[in-house]
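Keep the structure in view as you read.

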Amino acid sequence: MACPFAQQNGVGARIVTGAVFLAVGAGLTLHVRRALLRELRQIRKVAGAAQDVLLRPLPPSIDGLNIAAAQLSADRGAGVGGDLYEAIATEHGVRVVMGDVRGHGLGAIGTVAAVLGSFREAAHDEPELGGVLRRLERALARHLRQGDRADHPSTGFDPDSPAAEEFVTVLLLEIRRDGEVHALNCGHPWPYLLGRGRVLPLVRAEPLPPLGPFPLPAALVAEPCGRLLPGEGLFLHTDGVEDARDTQGQFFPLLPALAEAVRDRPVVPQAVLRTVFAGVLRHTGGRPADDVALLVLRNDRRRVPLKQGRVSHHVPR
């Protein structure tokens, strides 16, 4: 309205007026676009920092164990989903957790935070692996009660609410200085033992039920899993790996992929991780339907003599 050419009716004046409006509109659009891009970069930076705190990157080596881990959320754009892992060096040995929250993607992050936060403290405090698992159970119960009160503040915990149906599968490992491995498993896939040209289930025992729906048994005795010798590795995963399907509905062939990764070559955690991850992405066309998490470790410690009267074994139970 302030443009003098807009008050004129000539064709030339209208062309000039249109050009002015076009230039102003383009300038405003460019300004808004740049502001939105700056805001998006800042949001991604904050989200990345939060994700690194929640599911922090593992160091390449922990107390003589070479480690590689990664996870992929089923929600596009999310770096963290419903899968969780952590490895911590303690006075009791290296303790590892791998878990899978019911559901996937952003909706499961609160439960992941509760379980991981509890594990990071309990792994140092509890002398027995069973004590760590009980701490995780209590942390999960508190988290679910708080979530239910937030939804229904006047009634408290409702056994028929969606929170009452939440559960987490959890695998706990303890790898001691002499390579002995002990485990507690609540509904999670068992790891695989990796050697040169060799892939075996670490344990064939029945796991406990997942955390959440049922209380833990009164006696929690960690499962002895034999001894991880120098150069041998363990492959931990969530069920999003084995349950990944292609367009024909075929499941991902995990065992052949692992066998190919260690065929006629030493166990290299980073190489195993790349091989399996690439295979899952190819199998699903780059769009897995569930969260995927992998953790591979190799014993790089020097051989430790067995104590007298103890026997080393690798026979899966």
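Is R135 buried or exposed? R135 counts as buried, because its relative accessibility is 17%. Here buried means under 20% relative accessible area, exposed means over 50%, and partly exposed lies in between (1.4 Å probe, protein chains only).

This is a predicted model, in which local features need pLDDT of at least 70, side-chain atom pairs count only at pLDDT 80 or more, and totals for chains, interfaces and linings use all residues. Residues are numbered from 1 along each chain as its sequence is written, and side-chain values use heavy atoms, with hydrogens and water left out.

**Salt bridges**

Side chains of opposite charge can pair when their charged atoms come close. A salt bridge is counted when a side-chain nitrogen of Lys or Arg is within 4 Å of a carboxyl oxygen of Asp or Glu. The count by this rule is 12 salt bridges. The table gives some of them.

| Pair | N to O distance |
|---|---|
| R95 and E174 | 2.7 Å |
| R135 and D125 | 3.4 Å |
| R176 and E174 | 2.9 Å |

Start with R95 and E174, whose closest N and O atoms are 2.7 Å apart. R95 lies in strand 4 (residues 93-101) and E174 in strand 5 (residues 168-175), so this pair ties together parts that are 79 residues apart in sequence. Helices (H or I, at least four residues) and strands (E, at least two) are DSSP runs, numbered from the N terminus. Both R95 and E174 are buried.

Now go back to R135, which meets D125 in a salt bridge. R135 lies in helix 3 (residues 129-151) and D125 in helix 2 (residues 109-125), so the pair ties together parts that are 10 residues apart in sequence.

E174 also meets R176 in a salt bridge. R176 counts as partly exposed because its relative accessible area is 31%. E174 has 4% relative accessibility, so it counts as buried. Elsewhere, salt bridges that share partners join R56, E86 and R120 into one network.

**Positive phi angles**

Which phi does D63 have? D63 has a positive phi of about 50°, although it is not a glycine. D63 sits in the loop between strand 1 (61-62) and strand 2 (65-72). Its relative accessibility is 32%, so D63 counts as partly exposed.

D264 has a positive phi of about 55°, and it is not a glycine. Look for D264 in the loop between helix 5 (254-261) and helix 6 (269-284). D264 counts as exposed, because its relative accessibility is 67%.
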